[in-house]
Amino acid sequence: MEVIEIKDRKSFDEKINNTILFNSFNVYCRVSTISQIENTSLDSQSEGGVNYVKKYHNNEYDYVIVWREEGKSGDDLNDGIGEVVRRELLNIIISKWEEGLIK
């Protein structure tokens, strides 16, 4: 089982295709506060997700895609007037789920 890490739209476009998406278990990692960005929260989430897949779904998927929404937190503001930052990777995941490529 190959682990593929996605940190932004560019890495998604370079590393992922529909076949990979359809044959993958997806782990989405994100933080809620700015202070969590600076510690190991994303690393812990990523490691925990990959370990879970290997333990409980080892022979079911060819890939584990680890989506790391780095550098963004629920504390961030997009435009300075109160709009919460948009999570680019989460939007990709939702789009691909709606297309039936992610289970």
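## Nonpolar cores and aromatic pairs

Of the 14 residues that make up the largest nonpolar core, Ile-6, Phe-12, Ile-16, Leu-21, Ile-65 and Trp-67 touch the most other members. A nonpolar core is here a set of buried Ala, Val, Leu, Ile, Met, Phe, Trp, Tyr and Cys residues joined through side-chain atoms within 4.5 Å, where buried means under 20% relative accessible area, exposed over 50%, and partly exposed in between (1.4 Å probe, protein chains only). The elements giving two or more residues to this core are strand E1 (2-6), helix H2 (18-22), E3 and helix H5 (88-98); helices (H or I, at least four residues) and strands (E, at least two) are DSSP runs numbered from the N terminus.

This is a predicted model, in which local features need pLDDT of at least 70 and side-chain atom pairs count only at pLDDT 80 or more, whereas totals for chains, interfaces and linings use all residues. Residues are numbered from 1 along each chain as its sequence is written, and side-chain values use heavy atoms, with hydrogens and water left out.

Leaving aside neighbours within four places in sequence, Leu-21 is in contact (heavy atoms within 4.5 Å) with Phe-12, Ile-16, Ile-65, Trp-67, Lys-96, Leu-101 and Ile-102.

A search of the whole structure finds four aromatic pairs, counted where rings of Phe, Tyr and Trp (its six-membered ring) have centres within 6.5 Å, with planes under 30 degrees apart called stacked, over 60 edge-to-face and the rest tilted. Two of these pairs involve Phe-25 and are set out below.

| Pair | Centre to centre | Angle between planes | Class |
|---|---|---|---|
| Phe-25 and Tyr-52 | 6.1 Å | 50 degrees | tilted |
| Phe-25 and Tyr-61 | 5.5 Å | 80 degrees | edge-to-face |

Tyr-61 lies in the loop between H4 and strand E3 (63-68), so its pair with Phe-25 ties together parts 36 residues apart in sequence. Both Phe-25 and Tyr-61 are buried, whereas Tyr-52 is partly exposed, with a relative accessible area of 39%. Ring pairs link Phe-25, Tyr-52, Tyr-56 and Tyr-61 into a cluster.

Helix H4 (residues 41-56) also holds Ser-46, which counts as buried because its relative accessibility is 11%. Not counting residues up to four places away in sequence, Ser-46 touches Cys-29, Val-66 and Arg-68.
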